[in-house]
Structure formats: structure tokens, C-alpha cells
Amino acid sequence: MIRVTRFDRSEFVLNAEFIQTVESNPDTHVVLFNGHSYVVLEDREEVVRRVLDYRGSVYGGVPRPPLSLVQD
């Protein structure tokens, strides 16, 4: 989870695992896999840094484990 800031200066916590894209045009839009989109004060590089810091803390500095197909 990463903490980000709305334009009204209120903060919320976003699940970093659900982020699909982070765009700056010029406002920063964080788009999730479920289609939800959030406009945040942090710039794109800051959001990416927070995601990388989060993943480093969760996965111990190693890359996220690959997804695998589960078959019955």
C-alpha cells in the first residue's frame, strides 16, 4: 500500500499491486486494473518511487514472484 494525496490535500492509501499505469499530462493519473482512476498531487516519478519502495519492503528487495497458471 502507498500513501498518495488528492488535490484537496486529503490523503488516502492505494493498493500498489493494482496499479496498471501512472500518467502525467500534466496532472498525475493513477489507473488501476479495475478501471478506477485517481488524480494525485504527487508526480509520476514519486508514485513510481513509492511503489518500488513498497515492493522492496514486501518482497525483501527481490523482484515480485512471477504469476503462474493454476490448473486443476
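Which residues make the nonpolar surface patch of about 230 Å²?

## Nonpolar surface patch

In this predicted model, the patch is made by Phe 7, Val 39 and Leu 41, and its area is about 230 Å². Phe 7 is located in the loop between E1 and E2. With a relative accessible area of 45%, Phe 7 is partly exposed.

## Surroundings of Thr 5

Thr 5 belongs to strand E1, which covers residues 2-5. This residue is buried, its relative accessible area being 12%. The side chain of Thr 5 forms a polar contact with the side chain of Glu 42, at 2.7 Å.

When neighbours within four places in sequence are left aside, the residues in contact with Thr 5 are Ser 10, Glu 11, Val 39, Val 40, Leu 41 and Glu 42. Two of these residues, Val 39 and Leu 41, also contribute to the nonpolar patch together with Phe 7.

## Aromatic pair

One aromatic pair is found in a search of the whole structure. Its members are Phe 12 and Tyr 38, whose ring centres lie 5.2 Å apart; the planes are at 45°, and the pair is therefore tilted. Distant parts of the chain are linked by this pair: Phe 12 is in strand E2 (residues 11-14) and Tyr 38 in strand E5 (residues 37-40), 26 residues apart.

The accessibility of each partner is as follows. Phe 12 is buried, with a relative accessible area of 11%, whereas Tyr 38 is partly exposed, with a value of 27%. Phe 12 counts as buried because its 11% falls under the 20% limit.

Key
Residues are numbered from 1 along each chain as its sequence is written. This is a predicted model: local features need pLDDT of at least 70, side-chain atom pairs count only at pLDDT 80 or more; totals for chains, interfaces and linings use all residues. Side-chain values use heavy atoms; hydrogens and water are left out. Helices (H or I, at least four residues) and strands (E, at least two) are DSSP runs, numbered from the N terminus. Buried means under 20% relative accessible area, exposed over 50%, partly exposed in between (1.4 Å probe, protein chains only). A polar contact is a pair of N or O atoms within 3.5 Å; within protein, one must be able to donate a hydrogen and the other to accept it, and residues adjacent in sequence count only if both atoms are side-chain atoms. Contact means heavy atoms within 4.5 Å. Rings of Phe, Tyr and Trp (its six-membered ring) pair if their centres lie within 6.5 Å; planes under 30 degrees apart count as stacked, over 60 as edge-to-face and the rest as tilted. Patches are made of residues with over 30% relative accessible area and no salt bridge: like charges are joined within 9 Å, nonpolar side chains (Val, Leu, Ile, Met, Phe, Trp, Tyr) within 5 Å. Accessible areas come from the Shrake-Rupley method with a 1.4 Å probe; for residues, only the protein chains shown count as cover. A salt bridge is a side-chain nitrogen of Lys or Arg within 4 Å of a carboxyl oxygen of Asp or Glu.
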